[in-house]
Amino acid sequence: MQLKSFYLLFFALLIVSCKDDDSQLIIEQQKEAQKKEVVFNTINRGWVFDISPLEATTQNKIQNWVEWRNFLTEINQKPKSSIGAFQKKASVLSKKAMDLQLNIPEEFNKPQMKTRITVLITKIKTMDLYIHLRQIPDQKVVKLIGEINTEIDFLQLQMEEIVKRSQIPVEEGEQDLIKMKDTTRAIPN
């Protein structure tokens, strides 16, 4: 008889402890869902890419740069539904940013442009990394979005600077001076 009552008591305690574990699990899941909601709301509010338009002459020079147009199209489309949508968008933006290194128009295929593109790629990849972490640092993601905006502005300013410099007329004798400074022509064949 005592053995039966021991088993009944043990079984009752087991059921009660399982119910406590279930309720504790539900509470933890609710807390996690609230955290994810806060992270989503923070990133949703901070996901603002403000890209200023280029001058008409610069726009004409890059109109055939398909990768740039694709990048701008992608960055201007904001995800809406979930943190997963933001994660997918960050991955796509990372790919589009990498594509910027391809087919750079000849006039813009200069070290300063490549450097600006590389910095932009780094910022976007960092944002992509942060947004895919289990515990998303939402404030860092929002800060990186601001930095990406700044890098896009710098890249566009670099494009406009290159166009402005190309429009400066060459003075008489300047080409001869440039040739004289070229150290590679001083080497005999």
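Me: How many salt bridges does the count come to here?
Reply: The count comes to seven salt bridges, and please keep in mind that this is a predicted model.

Me: Take Asp 99 and Lys 95, then: what do their side chains meet in?
Reply: The side chains of Asp 99 and Lys 95 meet in a salt bridge, with 3.2 Å from N to O.

Me: And where do Asp 99 and Lys 95 lie?
Reply: Both lie in helix 4, four residues apart, which is about one turn of the helix.

Me: Switching topic, at what angle do helix 5 and helix 6 pack?
Reply: Helix 5, residues 111-131, packs with helix 6, residues 138-166, at an angle of about 165 degrees, and their axes are 9 Å apart. Because angles over 145 degrees count as roughly antiparallel, helix 5 is roughly antiparallel to helix 6.

Me: Is that crossing left-handed or right-handed, and which classes of residue are in the contact?
Reply: The crossing of helix 5 and helix 6 is left-handed, and the contact has 17 nonpolar, three polar and five charged residues.

Me: What volume does the largest pocket have?
Reply: The volume of the largest pocket is about 150 Å³.

Me: Which residues line the largest pocket?
Reply: The lining includes Glu 32, Lys 35, Lys 36 and Val 39, together with Ile 83, Gln 87, Leu 133, Arg 134, Gln 135 and Ile 136. By class, the lining residues divide into four nonpolar, two polar and four charged.

Me: Which helix gives the largest share of that lining?
Reply: Helix 1 does, with four residues, while helix 1 (2-46) and helix 4 (83-99) each supply at least two residues of the lining.

Conventions. Residues numbered from 1 in each chain as written. Predicted model: local features only at pLDDT ≥ 70, side-chain atom pairs only at ≥ 80, totals over all residues. Heavy atoms only, no water. 1 Å grid on protein atoms, 1.4 Å probe; cavity = no way out; pocket = protein on both sides within 12 Å on 5 of 7 lines; lining within 4 Å. Points joined across faces, edges and corners; volume = space filled by probe spheres on them. Nonpolar A, V, L, I, M, F, W, Y, C, P; charged D, E, K, R; others polar. Axes fitted to C-alpha atoms, helices over the stretch in contact; angles between N-to-C directions. Parallel < 35°, antiparallel > 145°, perpendicular 65-115°, else oblique. Left-handed = near helix turned anticlockwise from the far one by under 90°. Salt bridge = Lys/Arg side-chain N within 4 Å of Asp/Glu carboxyl O.
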